[in-house]
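The sequence and the model are shown first.

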Amino acid sequence: MVLLAFLTLLISLIITPIIIKVSLKMKATDKPNHRKVHTDPIPTLGGLAIFFSFLIGLVILQPSNEYHLAIICGGFLIIVLGFLDDLFDISPKVKFLVQIVAALLVVFWGGLQVEFINLPFGGQIEFGFLSSIVTVFWIVGITNAINLIDGLDGLAAGVSSIALFTISGMAIIMGDIYVATMALILFFSTIGFLRYNFYPAKIFMGDTGALFLGYMISVLALLGFKNVTIISFIIPIFILGVPISDTLIAMVRRYINKQPLSSPDSSHLHHRLVSSGFTHKQTVLFIYGLSAMFSVAAILFSMTTVWGSILIFSIALLAIQVLIENLELINSEYKPLTNFFKGLRHKS
């Protein structure tokens with residue numbers, strides 16, 4: 001399975017240069033502005049290279065389960081949305097609506113829902129009629145989270161690759177062949193694209209790639225870890241720790257600063273790292289390392305006791321808070337942890 005999935009890497013390496021030429025001929029390029037770090041127009045249909053490589057991988061390995069058709073149809077819808085957005089800049093409301101439709105395909109046609117969570121000390125939480133809402137919220141949320149971190153060369157592709165590799169590894173351990181196969185196919189497709197997307201990028205994945213990766217990762221994480229203990233349910237949240245935390249921080253920041261939640265800004269994690277003195281490449285590698293640490297934490301979650309999991313979770317929250325305050329991800333005044341330790345020093 002792994003060797004056959006590896007073929008998609010070679011296919012992606014071959015297809016991506018073709019997509020670069022097609023993008024240039026179509027004049028589908030990402031032009032520089034005050035929020036972007038590149039100074040020249042860059043081809044922006046790279047997501048098609050990931051998608052076509054992924055499709056060929058599906059033909060080769062032919063993974064299947066009861067949710068497969070709905071997942072793929074939802075993926076096609078997301079790809080069309082991203083492609084049209086890269087060409088014509090679709091409004092956020094329309095994009096959000098189409099993402100909900102894609103999620104609803106998976107939930108109501110495919111039947112994929114998180115119906116309950118087993119509590120670690122016994123009993124369970126039943127979602128009831130909220131199960132479909134929770135599932136749709138997860139899919140749409142992660143789809144947009146990957147898109148939001150797509151701000152530097154190779155960033156979204158690398159973070160997604162780390163997440164996919166972790167999901168596939170844990171799926172193999174759990175004996176979930178379908179999730180492992182799908183994640184490996186998409187992992188190798190993305191790695192092949194990353195060869196041309198890493199700094200200095202020759203092509204961007206655009207919304208075509210970012211939305212598709214977010215959608216697929218959300219569905220695969222859901223398939224791999226649904227209806228498990230509440231502690232284990234945190235595993236996919238940890239695997240996607242960087243995009244999820246960056247998205248939640250952005251929502252809090254915009255709320256506090258009285259900005260629309262959908263409005264773009266230049267205060268995301270990667271923006272703040274660059275403005276604090278990191279080079280482009282250092283910023284990307286730093287976030288890769290952060291993503292890898294979250295993935296290791298996810299693996300430890302699956303192996304440790306409940307109290308060990310709580311300890312890991314607490315350490316992760318503390319680390320995120322330190323990043324928020326030192327990089328001023330909310331604003332320059334939000335530093336409760338720093339102020340707390342300053343108060344302790346003054347008292348002593």
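Phe286 is a residue of helix α12. In this predicted model, Phe286 has a relative accessibility of 32% and therefore counts as partly exposed, since that class lies between the limits of 20% and 50%. Leaving aside residues up to four places away in sequence, Phe286 is in contact with Leu273, Phe278 and Leu323. Tyr215 lies 71 residues from Phe286 along the chain, and the C-alpha atoms of the two are separated by 24 Å.

**The nonpolar core**

Tyr215 also belongs to the largest nonpolar core, which has 100 residues. Together with Phe54 and Phe238, Tyr215 touches the most other members of that core. In soluble globular proteins, nonpolar side chains tend to be buried together.

The contacts of Phe238 can be listed individually. When residues up to four places away in sequence are not counted, Phe238 touches Phe294, Ser295, Ala297, Ala298, Phe301, Ile312, Phe313 and Ala316.

**Aromatic pairs**

The structure holds 11 aromatic pairs. One of them joins Phe54 and Phe212 in an edge-to-face arrangement, with 5.6 Å from centre to centre and 65° between the planes. Phe54 is part of helix α2 (residues 46–61) and Phe212 is part of helix α8 (residues 206–225), so this pair ties together parts that are 158 residues apart in sequence. Phe54 has a relative accessible area of 1% and is buried. Phe212 is likewise buried, with a relative accessible area of 1%. Both residues belong to one aromatic cluster, formed by Phe51, Phe52, Phe54, Phe76 and Phe212.

**The second largest pocket**

The second largest pocket has a volume of about 340 Å³. Its lining draws two or more residues from each of the helices α10 (241–256), α12 (280–301) and α13 (306–326). The lining comprises 19 residues, and those nearest the centre of the pocket are Leu290, Met293, Phe294, Ala316 and Ala319.

**Backbone features**

The peptide bond from Tyr199 to Pro200 is cis, with omega near -5°. Pro200 is situated in the loop between α7 (177–197) and α8.

Two residues other than glycine with a positive phi are also described here, Gln62 and Glu328. Gln62 is located in the loop between α2 and α3 (68–88), whereas Glu328 is located in the loop between α13 and α14 (336–347). The table gives their values.

| Residue | Phi | Relative accessibility | Class |
|---|---|---|---|
| Gln62 | near 50° | 62% | exposed |
| Glu328 | near 55° | 28% | partly exposed |

Conventions:
Residues are numbered from 1 along each chain as its sequence is written. This is a predicted model: local features need pLDDT of at least 70, side-chain atom pairs count only at pLDDT 80 or more; totals for chains, interfaces and linings use all residues. Side-chain values use heavy atoms; hydrogens and water are left out. A nonpolar core is a set of buried Ala, Val, Leu, Ile, Met, Phe, Trp, Tyr and Cys residues joined through side-chain atoms within 4.5 Å. Buried means under 20% relative accessible area, exposed over 50%, partly exposed in between (1.4 Å probe, protein chains only). Contact means heavy atoms within 4.5 Å. On a 1 Å grid over the protein atoms alone, a cavity is a set of points where a 1.4 Å probe fits but cannot get out, and a pocket is an open set with protein on both sides within 12 Å along at least five of seven lines; lining residues have an atom within 4 Å of a point. Grid points are joined across faces, edges and corners, and a volume is the space filled by probe spheres set on the points. Helices (H or I, at least four residues) and strands (E, at least two) are DSSP runs, numbered from the N terminus. Rings of Phe, Tyr and Trp (its six-membered ring) pair if their centres lie within 6.5 Å; planes under 30 degrees apart count as stacked, over 60 as edge-to-face and the rest as tilted.
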